[in-house]
Amino acid sequence: MIRSREEKIIQLVSHIILTGVTIAIVMPFVLLFISSITEENTLIRNGYSFIPEKFSFAAYIYIFNQAGTIFRAYGITIIVTIIGTLINISISSMLAYGLSLRKLPFKRLISFYVLFTMLFNGGLVPSYLMWTGTFKITNTIWALILPNYMLSAMNIILIRTYYHSSIPEALYEAAEIDGASSFRVFLNIVLPLGKPILITMGLFAGLNYWNDWTNGLYYLRGRSGERLYSIQNLLNRMISQIQFLATNSAASSLGEEAARIPSASVRMAIAFVAMLPVLCIYPFLQKYFQEGIAMGAVKG
Amino acid sequence: MPEVTRSQVTVKRKSSKAAKLKRWLPVYIMMAPALVYLFINNYIPMAGIVIAFKKMDYNSGIWKSPWYGLKNFEFLFSTQDAFIITRNTLLYNLAFIIVNTVCGILLAVLITEIRHKRAKKLYQSIILVPFLMSMVILSYIVYAFLSGENGFINNVILPLFGNEEGINWYMEAKYWPFIIVFVNTWKNLGYGCLIYIATMNGIDRALYEAASLDGAGRLKQIRHITLPSLKGTVITLTLLNIGRIFYSDFGLFYQVPQNSGQLLSTTNVIDTYVYRALITLGNTGMSAAAGLYQSLVGFVLILISNLLVRRLDPDSAIF
Amino acid sequence: MKTKVIALLLTVVMVMSAAACGSSSKEESASDRTAATGEDVKKEESKEGTGSDGEEAAATWEEHYKIVWGYIGNSQQDTERIAEEISKILEPIYNVSIELLPMSWGEFSDQLTLMLSGSEAMDIVPVLNGKGTSYINNGYLKDLTEYIDRYGNHMKEQLGEENVYVCSVEDFIYGIPTYKEWCSNVGMVFRKDILTEAGFTVEDVASIDDLDAIYEAVQALYPDMTMLVGRKGDTPGAGTVYADQLGDGFGVILPDDTVGTVVNYYETEEFAYNMQKMYEFAQKGWISKDCATITDGREAQAKAGNAFSYFVQPTKPDTSEANSLSTGYDMIAVSLTELFRSTSATAWLGWGIGRNCEDPERVFQVLDYMYGSPEIMNLLNWGIEGEHYVFKDEEAGIIGFPEGVDINNTTYNLNIGYEIPNQKIAYIWEGRPADLWEQYEEYNATDPIISTGFIYDDSNVSTEIAALNNVKEQYLDALGTGAVDPSVVIPKFNEALYNAGLQTVIDEKQAQLEEYLAK
């Protein structure tokens, strides 16, 4: 390949800027990890630093002592994420496909219907009353899957835009002339060509599920609910416990209680442990991005 | 093209209504699950908007509680802070939209330009990593940098510039617009960026080859092929963000500044104001009123913007 | 445009129809629960005829009822077993079983609000001081007034008749208080070893003015240690406030007030003086620059070896021992002001009955029974004898961990004495004095002040409170950590407060207080 001087400069500049960005992104995570292996009292005395005075794995030892709870929470989170994301992507892509067709009757109406949900919100209490009263999801795994994250209007619109701009409708017409039904068209044309956006949206949907702690907070309670805690619920419980005791004057009676709560370093350790699985999966997902690129090349 | 008379067209339409249904029904069926979910998850609870106009008594339930007119909305406007929180909310969101779009496009272009396969993979993964860090944890990290006594900036960076005393970051409101925009970009850049990359990957390679044969250099190719292809996506994302323009990321404005009172003039937004106001009151009517206020403004703004976009580029409008 | 109008109309129609089915299904589920427990409440009411002593229930309770008891604390491995044991005691008498529902400190507020809004079972509800008014206004709780008169014998006996009624707002009694320390004052805790090293004793600390000399001496010995610590929300300045805050601190009653005039604490000389002191301390580096943003508690900072002293409110009979336990150092406490029996301490937690409770009379009688039952109190707080604790001194009622069990591997050790209905009939954990309850009785016999027992209803001034909360957040922490110059900021603070409607709130409180005192 002949590389012009212009191209070489672009490559160099790109690498420099992107390396800077990478460092800016990675640094906080490094700090997070280091503070999780910093000795507790050092952490409180000297604050967080890249080169702490004293190291200690006490936080991780504390966590491994609770390994049962934590592994269980991982399991729940993984199941919820996979199921939720799969459902999310299937129904989102089908809806977006419909909306991307130029001639669909009532298209504008339906688009508005979808968009409106992004703008108006009844609030927590009505949602809660409905999910617990009518659908009775309290203390079930559906409590973590159903509310809120199974669909996102923003994702639907973005997928639609992608279909619209990247897949020429001529392809649909050609397939229909050949006798394919709409569903076949969807399976054989839309899904493969839409891979980049679907993987991307799937990733976002999955991350939303992985990071969510509100569904657990609102719909799981008591001992039976605890068995269904996701890893974020676990972390959130610890952190908000600390925060509550820190900001409530009634807590002056609770000095002993506060002393029992996992320390600052354990907070960091749990946060790190919560991220780890996803960080490990990223490289594997890259493969699908590459495929998308390849598809785009072939399409021409 | 041969001329088609009006009557011919009309006849054609009337007779194909049944055919139309047959044609489109499968598509509607495919769209149904999502539409049903939206109905259940979003539309049914919308009925709860009435809470904003009621003095709630849960013993009577939502429907039988007494009406309260607009009184639940008073606290949003009767305060001197009303102007500050509205200003802050709007300005921050505008800044976020602009900064994130520009930086997102820039990074997306750079990443797609990289030829070294492994580096490209690395960069593409990296930009998503900040999503994994929750705002609470991020606030501790920011604290590690900005802490008065032990912070990285005060102890390491500033002395390099000759400032030995350090700045009491959590007490000085004027720095925080920059800090907050920076933190927000750090965390949320990946979202737009990845969508742009996906869109760019969908561009026909043939276009680039053709341009290259015509003698266009790389930069020209980017300007004339890549950027225009992003137009639709950028407009869509921006429109969607305008709809949320009265909402803020609570964690970003409450946890990251560590809820420090001295910073309120530049960090208090509508969501944090409402939270602080209601934390001792436990009044669902008032919080519903705040939510409704935010939704209405977003709704009006998005209608207006969508109309404008429809004039300029009909295909990019959302509806 | 036409499409949009149709869209809007359709949406409205959908929302309305959805609302219709939403509300009817809510009613359905409430009756579902009744059916599930197989209970007929009307039957019970006609059967009831116990009168004074709930223990020997003359009435036989035919229908079984499951009581859901929510409390704020950590869930433990054996929580369900303990619930079973408690049920075993209550079943023969009242035909009930108990389900314990632990809620953690960070989550209980959201969870309780949601559960009480909906149709879920929540019979015994923990109502923290400050939440009472809003729970009542939202309709979450049942009024206990008539139940106390008829069935509250153990409660009156154990808590003292006047204290039983303290959790009330304008004649609505929302809860029964717990037995704990009921007084307020301002105190300080010091590192005893360092204090002695510097040549001082606690007797040398009579007021905030005595601190200058001590801090100067100690800082010279330990240049890296922070003299006076606090954290955000609980600043040193906040620790010096000596008043009945009447809930939110917007308009207070000063402890030596015998008439009952609500004043603005932030305009008093005492406040200005104390904040000035904080400012001077901060200037001299005795208060950390980060004090307003630190999230680690005072005890945690002391445990890290970083702190010399901090304010505490209140000081109790065993404050020194308790702080020594939690920090690992030898700590000593001293009181800087007079003690007074306060509403906020007495009504700190009220056990209430939730609106969804289907048999409040029975639940109340069960609650009253618990106030007089050492077996249940011990089960709840400490667990099962032999398994979770053993006697160290049976006669004195002192207990500790069995062989091989400690705080890290025990399967049950709730230890929330201040939260259980009546901890003074339960055993004492080793490390605390055997005459602990005698000390508490003496402590709690302190005189009340004029506003003790008064909780005001803030529903008329919610708009003002909303604005005032924001003003408070803006200024109070900065003042309390000495980060800003009080002579400049206090006037600004007060101006902002009055602009937000402070006078309206003060007037409202004054009117309600006068009504309360007139009874």
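Author: Let us begin with packing angles: axes are lines fitted to C-alpha atoms, for helices over the stretch in contact, and angles run from 0 to 180 degrees between N-to-C directions. Helices (H or I, at least four residues) and strands (E, at least two) are DSSP runs, numbered from the N terminus. This is a predicted model, in which local features need pLDDT of at least 70 and side-chain atom pairs count only at pLDDT 80 or more, while totals for chains, interfaces and linings use all residues. Residues are numbered from 1 along each chain as its sequence is written, and chains are lettered from A and ligands numbered from 1 in the order in which they are written.

Reader: At what angle do helix 19 of chain C and helix 20 of chain C pack?

Author: Helix 19 (residues 462-480) and helix 20 (residues 486-500) of chain C pack at about 170 degrees, with their axes 9 Å apart. Angles under 35 degrees count as roughly parallel, over 145 as roughly antiparallel, 65 to 115 as roughly perpendicular and the rest as oblique, so helix 19 of chain C is roughly antiparallel to helix 20 of chain C.

Reader: How are the residues of that contact classed?

Author: Ala, Val, Leu, Ile, Met, Phe, Trp, Tyr, Cys and Pro count as nonpolar, Asp, Glu, Lys and Arg as charged, and the others, Gly among them, as polar. The contact of helix 19 with helix 20 of chain C has twelve nonpolar residues, no polar and one charged.

Reader: How many residues does each chain give to the contact between chain A and chain B?

Author: Two residues are in contact if their C-beta atoms, placed from the backbone, lie within 7 Å. By that rule, 81 residues come from chain A and 76 residues from chain B. On the side of chain B that touches chain A, helix 2 of chain B gives the largest share, 16 residues, and by class that side has 46 nonpolar, 22 polar and eight charged residues.

Reader: How does helix 10 of chain A cross helix 2 of chain B?

Author: The axes of helix 10 (residues 182-193) of chain A and helix 2 of chain B come within 8 Å and cross at roughly 60 degrees, which means that helix 10 of chain A is oblique to helix 2 of chain B. Here Ser182(A), Phe183(A) and Phe186(A) meet Pro26(B), Val27(B) and Met30(B).

Reader: What is the strand order of the open sheet in chain C?

Author: Two strands pair if DSSP finds at least two bridges between them. The open sheet has four strands in the order 9-10-8-11, with mixed pairing, and its edge strands are strand 9 (226-228) and strand 11 (331-335) of chain C.
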